[in-house]
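Please open the structure in your viewer and keep the selection tool at hand.

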Amino acid sequence: MTVVGPFGLSVQDRDLTRDVQAGMEAVEAALIEAVKSDVPFITVTASHLIEAGGKRFRPLLVMLAAQFGDPAAPGVVPSAVVVELTHLATLYHDDVMDEAPVRRGAPSANSRWDNSVAILTGDFLFSRASQVLSDLGPEAVRIQSDAFERLVTGQILETAGPRPEDDPLRHYLDVISGKTGSLIAVSCRFGSLMAGAEPWIVDLLTQYGERIGTAFQLADDVLDIASDGHESGKTPGTDLREGVPTLPVLMLRQMPADPADPEDARLRVLLDTDLAADDAAHAEALRLLRRHPALERARRETLRYAEEARALLDTLPDCSAKSALQELCDTVAIRTM
């Protein structure tokens, strides 16, 4: 049994293993080339997160989706580079907005240099993604443009917060759909489209990408609370500190207060305070939320989205790539346990 890609994804088919590993290696080499600049300092800053590693979840989905057509088609690897460069660019910007000191187990770009350098480096990566994209044709440009609009809209919705008449949980899921689901859906779309898969397969895999992308982000948000930071590569409780309500907090808000549980009452008080200004209060809130039933509810919701993604694959032709996509539904969910 061979292991390829993130999350310890196991693949028993040697041909699939060979194709996926070759594709991922080509993507990695292309990413290194794509961030090179005539200005040495830009090369250093743009290479920062690539050198820090990462799951490369989006390129992996491109490679697996391409198995439903010709995985060696010339547009497959460049399209994977486009989605990963776009993702990396958003991380530079996200860390500035979150004031995050750590990304992928290394100092974030904004903490290593400053916010201006991080923002401009993200812009540089967007420009390089556009250069690669331009060679893939007008349809690819339109697909990526639509996804990028959704991504930015999701970020703006998160920044603005829900309106008084909005359901906070629905607003949160709309944010995730834009910020995360859009680009992961495009990963599946690009892989299958560039490989020449049948249109119905392209559409189905795009829907799968949207669902697994939601599950992926929900799992990340649970990890932000539940992990010690080693698995996520981020400082635990970042969203909690910044007052950004993610699924565990929103689940708690939907649950009635338990008058017999002093920890429940204390946690609700803490969540209404400025946790960014008080490290001790932040640590206490994180500890209490880890023990609260809301975290388990958030885990179950993550599993629900993963199962929806799995169900979409039922009508695909049976093959090793289908099995791998099904396994991703399990491994993404398991990350929350």
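Select arginine 150, which is partly exposed at 33% relative accessibility; buried means under 20% relative accessible area, exposed over 50%, and partly exposed in between (1.4 Å probe, protein chains only). The model is a predicted one, in which local features need pLDDT of at least 70, side-chain atom pairs count only at pLDDT 80 or more, and totals for chains, interfaces and linings use all residues. Residues are numbered from 1 along each chain as its sequence is written, and side-chain values use heavy atoms, with hydrogens and water left out.

Arginine 150 and glutamate 210 form a salt bridge, and their closest N and O atoms are 2.7 Å apart. The term denotes a side-chain nitrogen of Lys or Arg within 4 Å of a carboxyl oxygen of Asp or Glu. The pair links distant parts of the chain, since arginine 150 is in helix α7 and glutamate 210 is in helix α9, 60 residues apart. Helices (H or I, at least four residues) and strands (E, at least two) are DSSP runs, numbered from the N terminus. Glutamate 210 counts as buried, at 17% relative accessibility.

**Along helix α7**

Select residues 138-160, the range of helix α7. How many Å apart are the end C-alpha atoms of α7? They are 32 Å apart, which agrees with the 33 Å that its 23 residues should span at 1.5 Å a residue. The expected span is 1.5 Å times one less than the number of residues in the helix.

Next, colour the buried residues of α7: Ala140, Ile143, Gln144, Ala147, Leu151, Gly154 and Gln155. Then select Phe148, Val152 and Ile156, which make a nonpolar surface patch of about 240 Å². Patches are made of residues with over 30% relative accessible area and no salt bridge; like charges are joined within 9 Å, and nonpolar side chains (Val, Leu, Ile, Met, Phe, Trp, Tyr) within 5 Å. The areas come from the Shrake-Rupley method with a 1.4 Å probe, and for residues only the protein chains shown count as cover. Phenylalanine 148 itself is partly exposed, with a relative accessible area of 31%. Just after α7, select glycine 161, which takes a positive phi of about 80 degrees.

Select arginine 56, in the loop between α2 (40-51) and α3 (57-66). Arginine 56 has a positive phi of about 55 degrees although it is not a glycine. Is arginine 56 buried or exposed? At 7% relative accessibility, arginine 56 counts as buried.

Continue into α3 itself. Ten of its ten residues are buried, so α3 is largely enclosed by the rest of the structure. Among them are Phe57, Pro59, Leu61 and Met63.

**Two rings face to face**

A search of the whole structure finds two aromatic pairs. One of these joins phenylalanine 57 and phenylalanine 216, which are stacked: 4.6 Å centre to centre, with 10 degrees between the planes. Rings of Phe, Tyr and Trp (its six-membered ring) pair if their centres lie within 6.5 Å; planes under 30 degrees apart count as stacked, over 60 as edge-to-face and the rest as tilted.

The search of the whole structure finds 24 salt bridges. Select arginine 310 and aspartate 330, whose closest N and O atoms are 2.7 Å apart in one of these bridges. Arginine 310 lies in helix α14 (residues 293-312) and aspartate 330 in helix α15 (residues 320-334), so the pair ties together parts that are 20 residues apart in sequence.

Finally, select Arg211, Glu301, Arg304 and Glu308, which are linked in a network of salt bridges. The charged end of arginine 304 also sits over the ring of tyrosine 305, 4.7 Å from its centre. This description requires NZ of Lys or CZ of Arg within 6 Å of the ring centre and within 35 degrees of the ring normal.
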